[in-house]
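This briefing is for a reader new to the structure shown below.

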Amino acid sequence: MTDWREHGIKVVRAGELDPNTPQTPGMSRAAAITHAKTGASKLWAGKVVVQPAVRSGPHHHGELETVIYIVRGRARFRWGERLEYVAEAEAGDFVYVPPFVPHQELNARPDEPVEGVVVRSGQEPIVGNLDISSPE
């Protein structure tokens with residue numbers, strides 16, 4: 001018989017997020033759902049904050065698919081070989097980033113942080129920082 005108390009739902013409190021995860025310049029990530037914290041084996045989830053008027057460095061997440069849910073603020077995303085494509089998302093929007101897509105997150109507002117929930121399709125902490133000049 002399964003011990004559901006031990007192998008059931010896990011709650012990770014806001015104060016228990018782990019900042020010891022790969023970072024990209026201009027952003028702060030904190031892990032919530034990891035194998036170590038919850039036993040998850042196929043997903044990674046956490047929080048990301050981009051301060052006002054700040055942009056991340058260009059990067060990709062290898063073979064992982066990524067979903068970002070914008071909780072607060074307005075984010076701008078650039079992607080492509082030269083970050084030539086652009087889209088914006090605001091609170092309530094979902095953003096999908098396919099595997100290996102070079103991209104950059106930017107806070108589109110000068111007066112408030114962008115906060116989002118990030119979910120990835122795997123446990124590997126892949127952040128490939130890229131040497132690409134941003135058009136912004």
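**Strand pairing and a nonpolar patch**

Strand E1 (residues 28-33) pairs with E2 in the antiparallel sense over five bridges; two strands pair if DSSP finds at least two bridges between them. The model is predicted: local features need pLDDT of at least 70, side-chain atom pairs count only at pLDDT 80 or more, and totals for chains, interfaces and linings use all residues. Residues are numbered from 1 along each chain as its sequence is written, and side-chain values use heavy atoms, with hydrogens and water left out.

Strand E2
- Strands are DSSP runs (E, at least two residues), numbered from the N terminus.
- Glu115 in E9 is the bridge partner of Val49.
- Six of the seven residues of E2 (residues 44-50) are buried, so this strand is largely enclosed by the rest of the structure.
- Buried means under 20% relative accessible area, exposed over 50%, and partly exposed in between (1.4 Å probe, protein chains only).

Surface patch
- A nonpolar patch on the surface is formed by Leu43, Val67, Tyr69, Val71, Phe94, Tyr96, Val117 and Val119, with about 690 Å² of accessible area together.
- Strand E4 (66-72), strand E7 (94-97) and E9 are the elements that give two or more residues to the patch.
- E4 gives the most, with three residues.
- Patch residues have over 30% relative accessible area and no salt bridge, and nonpolar side chains are joined within 5 Å.
- A salt bridge is a side-chain nitrogen of Lys or Arg within 4 Å of a carboxyl oxygen of Asp or Glu.
- Accessible areas come from the Shrake-Rupley method with a 1.4 Å probe.
- Val119, found in E9, is partly exposed, with a relative accessible area of 32%.

Note on methods
Helices (H or I, at least four residues) and strands (E, at least two) are DSSP runs, numbered from the N terminus. Patches are made of residues with over 30% relative accessible area and no salt bridge: like charges are joined within 9 Å, nonpolar side chains (Val, Leu, Ile, Met, Phe, Trp, Tyr) within 5 Å.
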